[in-house]
Amino acid sequence: VATVCYGDTDPDMAIPGVTYSREECLQSLERQLVAHAGPVLDCAPGVTQSPPMTAAVVSLAYNIGSGAFCRSTVVRRYKAGDYAGACAAIEMWNKAGGRVLKGLVRRRADERALCERGISTMRAAREQQ
């Protein structure tokens, strides 16, 4: 799959041989994050109570697709209130083409760590309900 900038696979952007400025890449990233944030918030309601957890799951959805994210173990555990389990499940998404890739292992570890920073906020918000 052709990608440009920060992993944008939009066929209108991911054109072989075309290069983009830093500003164009940041605009592309913002468009993609906004596009993926809506579905994430629909299938993981309340996640916005924890900005670190929100950032982690939107990053995951941006990489694996919103549909896959919404059907994932991450979401099932999140909805069950198992925030630590949801964060741990992020690391399940470390393969491409059936192979574990070092880059995905690193990315998922970073997303998990970010997610875990938001667990206490989510628990506190849940207790207040």
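Author: Start with Cys43, which is buried at a relative accessible area of 8%.

Reader: Why is Cys43 called buried?

Author: Buried means under 20% relative accessible area, exposed means over 50%, and partly exposed lies in between (1.4 Å probe, protein chains only). Cys43 has 8%, so it is buried.

Reader: What kind of model is this?

Author: It is a predicted model, where local features need pLDDT of at least 70, side-chain atom pairs count only at pLDDT 80 or more, and totals for chains, interfaces and linings use all residues. Residues are numbered from 1 along each chain as its sequence is written, and side-chain values use heavy atoms, with hydrogens and water left out.

Reader: How do you know that a disulfide joins Cys43 to Cys70?

Author: A disulfide is a pair of cysteine sulfur atoms within 2.5 Å. Here the S to S distance is 2.2 Å, so the pair counts as a disulfide. Cys43 lies in helix H1 and Cys70 in helix H3 (residues 66–70), so the link ties together parts 27 residues apart in sequence. Helices are DSSP runs (H or I, at least four residues), numbered from the N terminus.

Reader: What makes Cys70 partly exposed?

Author: Its relative accessible area is 28%.

Reader: How many disulfides does the structure hold?

Author: Three. One of them joins Cys5 to Cys25, with S to S at 2.1 Å. Cys5 sits in the segment before helix H1 (22–43) and Cys25 in helix H1, so this pair ties together parts 20 residues apart in sequence.

Reader: Why is the disulfide of Cys5 and Cys25 called left-handed?

Author: The torsion about its S-S bond is about -65°, so the disulfide is left-handed.

Reader: Are Cys5 and Cys25 buried or partly exposed?

Author: Cys5 has 29% relative accessible area and is partly exposed. Cys25 has 11%, so it counts as buried.

Reader: What does a disulfide join Cys87 to?

Author: To Cys115, with S to S at 2.0 Å. Cys87 lies in helix H5 (residues 83–89) and Cys115 in helix H6 (residues 102–117), so the pair ties together parts 28 residues apart in sequence. Both Cys87 and Cys115 are buried. The link is left-handed, with -70° about the S-S bond.

Reader: Which pattern do the disulfides follow?

Author: The pattern is 1-2, 3-4, 5-6, with bonded cysteines counted along the chain.

How values were computed:
Helices (H or I, at least four residues) and strands (E, at least two) are DSSP runs, numbered from the N terminus.
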